[in-house]
Amino acid sequence: MDMPLRRFRRRYEQLSQFERGRIIGMMEAGRPRQTSHREDSHIVRNARVQPTASSAAIQAQVAPSLGAPVSLRTLRRCLTEGHLGSRRPLRVLPLTPTHRRLRLEWCHARRNWTAAEWNQVVFSDVSRFNLSIDDNRVWRPRGERLNPAFALQRHTAPIASVTV
């Protein structure tokens with residue numbers, strides 16, 4: 001028997017029967033339901049199929065198939081262990097082929113500009129804060145930001161927002 005186990009056994013033997021029962025009861029009552037590897041895989045698979053779904057939506061999807069509700073903390077732990085995190089998606093404009101052609105023509109027309117010509121251009125630094133309830137998050141692995149599967153098109157219509 002190695003040393004830490006002996007030390008633990010000695011401390012455990014010093015407790016009364018009531019204290020031992022109380023510790024065991026607290027451990028059983030305070031411990032959340034553990035998910036199996038199969039259940040963890042099911043949760044991660046659901047998040048990979050719908051990366052834009054919120055954790056509450058994933059929770060609602062997996063609860064009937066697992067047979068028991070899963071807490072949001074357990075769900076997020078499973079997703080983290082599955083190398084998925086709640087991250088901001090790449091927001092892209094829904095560009096038409098005409099938009100792409102016009103942007104390319106603009107770039108070609110200015111490809112030989114000098115630094116002095118570029119100094120005449122003013123770029124504005126504007127921040128826009130969205131006031132809608134969409135949290136704009138996706139469940140994706142690290143390093144997959146530029147993957148088109150995780151890119152969301154942003155609104156071009158007026159939405160509740162503040163520009164500063």
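Analyst: Begin with exposure: a residue is buried under 20% relative accessible area, exposed over 50%, and partly exposed in between. The model here is predicted.

User: Is cysteine 107 buried, partly exposed or exposed, and which class does cysteine 78 fall in?

Analyst: Cysteine 107 has a relative accessible area of 44%, so this residue is partly exposed. Cysteine 78 is at 2% relative accessibility and therefore counts as buried.

User: How many disulfides does the structure hold?

Analyst: The test is a pair of cysteine sulfur atoms within 2.5 Å. The structure holds zero disulfides.

User: Where does histidine 42 lie, and why does histidine 42 count as buried?

Analyst: Histidine 42 belongs to helix 3, which covers residues 37-49. Its relative accessibility is 19%, and the limit for buried is under 20%, so histidine 42 counts as buried.

User: Which residues is histidine 42 in contact with, leaving aside neighbours within four places in sequence?

Analyst: With those neighbours set aside, the contacts of histidine 42 are Val62, Ser65 and Leu66. With serine 65, the side chain of histidine 42 also makes a polar contact of 2.7 Å.

User: Which residues form the nonpolar patch on the surface?

Analyst: Patch members need over 30% relative accessible area. Here the nonpolar patch consists of Trp106, Trp113, Trp118, Val121 and Phe123, together giving about 510 Å² of accessible area. One of them, tryptophan 106, sits in helix 6 (residues 97-109). Tryptophan 106 has a relative accessible area of 42%, so this residue is partly exposed.

Conventions:
Residues are numbered from 1 along each chain as its sequence is written. This is a predicted model: local features need pLDDT of at least 70, side-chain atom pairs count only at pLDDT 80 or more; totals for chains, interfaces and linings use all residues. Side-chain values use heavy atoms; hydrogens and water are left out. Helices (H or I, at least four residues) and strands (E, at least two) are DSSP runs, numbered from the N terminus. Buried means under 20% relative accessible area, exposed over 50%, partly exposed in between (1.4 Å probe, protein chains only). A polar contact is a pair of N or O atoms within 3.5 Å; within protein, one must be able to donate a hydrogen and the other to accept it, and residues adjacent in sequence count only if both atoms are side-chain atoms. Contact means heavy atoms within 4.5 Å. Patches are made of residues with over 30% relative accessible area and no salt bridge: like charges are joined within 9 Å, nonpolar side chains (Val, Leu, Ile, Met, Phe, Trp, Tyr) within 5 Å. Accessible areas come from the Shrake-Rupley method with a 1.4 Å probe; for residues, only the protein chains shown count as cover. A salt bridge is a side-chain nitrogen of Lys or Arg within 4 Å of a carboxyl oxygen of Asp or Glu.
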